[in-house]
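Please look over the model below before reading on.

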Amino acid sequence: MKAFYEETPFPNYDDHDSVRALIEKSRQGLYARALDDAIPHNSMVLEVGCGTGQLSNFLGVSCRRVIGADLCLNSLRLAENFRREQNLNRVRFVQMNLFRPPFRPSQFDVILCNGVLHHTSDPRAGFVELIQLLRPGGHIVIGLYNTCGRLMTDMRRRVFRMTRGAGTWIDPYLRSVSMSKEKRRAWYADQYCHPHESKHTIGEVLQWFEQAGLTFVRGVPSVTNQEDLGFDDVFKPTSAGSTWNHFCVQTKQILAGSREGGFFIMIGKLPETPARKTSDRGFCAKGVLVDAGTLTI
């Protein structure tokens, strides 16, 4: 996996040459805009699997302390170059294996891990490691491939393997979105050439949350098969629904999820508890509390 992303950093900065351009582009996206609206200023944020760090840099513009962590140095170099050129001093980037995070427990108000766990050898174990870093009252956002929503992508992958990559027009995203040749190549590689991926269900992730002591907050798309609120007021609690709701939602994902690759997001909150103490607002590397400014690549 590391070798794959070293060769294919994703996404790139070809249309983000300034902070203004980054803000304008990021605010156009529902996910980045929702997080920017929901995460308070002065929060401590960890983005695991930050890639080239566009989201980390964007969130760091608004007086938040943000750590972007990734395993791949090529991606981190792009992230760090932009951060340094634009003087985003509250953002730092670190190379990190999510199964061995270098931070002291209970450090972060928000942990973002989008599109990462399903490319690891043990997604649940990786999730458990990340929960240890979350402060009581903090939120974790994880994005995974859905078992049903990924079916159409799996079918297209077989076609591409048989035709040696011909006929990419059958991918609905490539067919409908105008993008540069480099971005098209990155999307194709990310969706169809990964050396490893796993798929997960709503019920499975809810079980992860329950076992970790998390309160369910929201799923995107909605897990209740009712009105889909999307990313509106993203940290506002909603119903976890029933098994029947989950079945209906995931059945719809077979077709509806094909454009975005069968991706779904689950958000949980660690309840406030006096039994779990929080530490000073700093970052910890190798068990020693240090200032954020020392954690650069």
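In this predicted model, Ile 111 has Ile 140 in strand 5 as its bridge partner. Strands here are DSSP runs of E with at least two residues, helices are runs of H or I with at least four, and both are numbered from the N terminus. Two strands count as paired if DSSP finds at least two bridges between them.

How enclosed is strand 5 by the rest of the structure? Eleven of the twelve residues in strand 5 (residues 134-145) are buried, so the strand is largely enclosed. Buried means under 20% relative accessible area, exposed means over 50%, and partly exposed lies in between (1.4 Å probe, protein chains only).

Glu 197 is placed in the loop between helix 9 (181-192) and helix 10 (202-212). Glu 197 counts as buried because its relative accessibility is 16%. Its side chain makes a polar contact of 3.0 Å with the side chain of Arg 150. A polar contact is a pair of N or O atoms within 3.5 Å; within protein, one must be able to donate a hydrogen and the other to accept it, and residues adjacent in sequence count only if both atoms are side-chain atoms.

The chain as a whole has eleven helices and nine strands. Of its 297 residues, 51% are buried. Among contacts (heavy atoms within 4.5 Å) between residues at least 6 apart in sequence, 74% join residues at least 24 apart.

The pLDDT, the predictor's confidence in each residue from 0 to 100, averages 81 over the chain, and 74% of the residues score at least 70. Confidence is highest in strand 1 (residues 44-48), at 98, and lowest in strand 9 (residues 288-290), at a mean of 32. Over residues 274-297 the pLDDT is below 50, and this stretch has 71 contacts in the model beyond near neighbours in sequence. Where pLDDT is low, the predicted coordinates should not be read in detail.

Residues are numbered from 1 along each chain as its sequence is written, and side-chain values use heavy atoms, with hydrogens and water left out. Local features need pLDDT of at least 70 and side-chain atom pairs count only at pLDDT 80 or more, whereas totals for chains, interfaces and linings use all residues.
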